[in-house]
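Please look over the sequence and the model below. The report after them goes through the parts of the fold in turn.

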Amino acid sequence: MHGLAETSSDDPPPPRRRVLLLAYMISPRRGSEYSVTWNHIQAMKKWCDITLLYGTSGPHMGDDDDMAAVRDVLDKDVDYVFVQPPRLASILNRFNRKGFLLYSFYLAYAVWHREAGRVARRLCAERDFDLVHYLGPIGYREPGHLWKLDKPYVWGPIGGATNFPWQLRRAMPASGLAKLSLRAMVNGFQLRFSGRVRKALKRADFLFTATSENQAIFKRIHGVSSRYMPENGIVGPLTLDTSKFPAKPIRVAWIGSIEARKGLPILLGAIGQLKDRHAYHFDIIGDGPMMSSMQEAAIQAGIDDVITWHGQIPRETVSELFRSAHLHVVTGLNEGNPTTIWEAMENCVPLMALDHCGMHDTVGGGYGIKLPVESLDAIERNMAEALEALAERPEKLREMAEACARECTVFRWDSREKVILEAYEAAIATYHAKGR
């Protein structure tokens, strides 16, 4: 189910492997790509001896405050190797730190990867690793240099091959549209013509893809097979707070960076079409460059009285809001699997999302509502109608929450440990079958 493990719990564990892991971001305090690495290590250190190469635990390259704060209590069985950015990388990234020439980060990032490759070669000369694994970030466009090492090589989960739906261009401001259009053009070129990407894909002894859409694209364009596996998952036990029912009013949570690619205007447009908006309350959590314009749009539409704008808040407060929420709405225009999906599932909060990207794979069953990716007007209308149907039968939300508690355990991290271990063994076998 969902591309995850189906092996028996009676299967004997594979031998303990020594793994050199590369992941640019890690933090025990942050979400997104930071939590992907942290959660992966917490799960896999039970089975593997891990040496991690990383480049940041804070907002910018070279920041290491988060990991430094917990270094004394970190598991000593994991070797955390902080790869300092070379001077050139720091110079290039200085513009990004100051908030302009943001694309200078990608130049700095490429320089950092060269340094990480140098450190990896040194460690491989000193230690006997069984395999190397380039974990993240999930974007495929910077393949790094670990694939050049003479070791079994695992890459992924990777993503980033998809583009935003052009028919939703009215859901973003001109600046955001220009940015995403440029990204789409660059993405199309890199995906097909980047020699480094092509070589890294062909070299991988095992490839994970973060969504089934990306899986199909890499197969079609490069002819490489992969296993679908979301990059992140549910960490803790699934808990359902039944005291929040009956759902009157229906509390709807939207969480993310308030920027073009997150598609918040879709939700605001749907709210404006509700027959009785006071049957709901919308908690919008996050900050970003479009926050003030979105707040003004809500005022102009006369819907601001049913919205609470929380801004950027601690993760503990986010968890409290999730526990009281009845529905989580995801409007992302182009992304893998937002961390908020797993946080919603952990709290047994049903999901409503567009039927694309990672949400196509993870939202469904009895706990999710997927909306077809049509025109902007059609999506807003369909979302409003779906919300109104829940207001007419609010007990459906409790039924969906209970379905989440039953069905979403497959997304727990401990359900995918065997998948990763199987991938490691398959990579080692493939490597040796090639006569290396």
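Strands β11 and β12 run parallel and are joined by 3 bridges. Helices (H or I, at least four residues) and strands (E, at least two) are runs assigned by DSSP and numbered from the N terminus. Two strands count as paired if DSSP finds at least two bridges between them. The model is a predicted one, in which local features need pLDDT of at least 70 and side-chain atom pairs count only at pLDDT 80 or more, while totals for chains, interfaces and linings use all residues. Residues are numbered from 1 along each chain as its sequence is written, and side-chain values use heavy atoms, with hydrogens and water left out.

Strands of a sheet pair through backbone hydrogen bonds, either parallel or antiparallel.

Strand β9 (residues 280-285) pairs with β10 in the parallel sense over 4 bridges, and Phe282 stands opposite Ile307 in β10.

## Two nonpolar cores

A nonpolar core is a set of buried Ala, Val, Leu, Ile, Met, Phe, Trp, Tyr and Cys residues joined through side-chain atoms within 4.5 Å. The largest one has 47 residues, and Phe282, Ile307 and Met352 have the most contacts inside it. Helix α13 gives the largest share of this core, 7 residues. Apart from this core lies another, of 41 residues, including Met25, Tyr134, Tyr153 and Val197.

What does Ile307 touch, leaving aside its neighbours within four places in sequence? Ile307 is in contact with Leu268, Ile271, His281, Phe282, Ile284 and Ala298, contact meaning heavy atoms within 4.5 Å.

## Helix α13

Helix α13 (residues 376-392) has 17 residues. From its first C-alpha to its last it reaches 24 Å, close to the 24 Å expected at 1.5 Å a residue; the expected span is 1.5 Å times one less than the number of residues. Among the buried residues of α13 are Leu376, Ile379, Glu380, Met383, Leu387 and Leu390. An α-helix has 3.6 residues a turn, so residues three or four places apart point the same way.

## The other sheet

A further 7 strands form an open sheet in the order β3-β2-β1-β4-β5-β6-β7, with parallel pairing. Its edge strands are β3 (79-82) and β7, each of which pairs on one side only. Strand β1 (residues 17-23) and strand β4 (residues 131-136) pair in the parallel sense over 5 bridges, with Val19 opposite Leu131 in β4. Helix α6 (residues 195-203) lies across β5 (153-158) and β6 (206-209), running at about 115° to β5.

Is each of them buried or exposed? Gly233 is buried because its relative accessible area is 5%, whereas Pro246 counts as exposed at 63%. Leaving aside neighbours within four places in sequence, Gly233 is in contact with Trp342, Phe411, Trp413 and Arg416. The C-alpha atoms of Pro246 and Glu395 are separated by 6.9 Å, although these residues are 149 apart along the chain.

## The whole chain

The protein chain has 15 helices and 13 strands, and 56% of its 436 residues count as buried.

Key:
Buried < 20%, exposed > 50% of the residue type's maximum accessible area, 1.4 Å probe, protein only. Axes fitted to C-alpha atoms, helices over the stretch in contact; angles between N-to-C directions.
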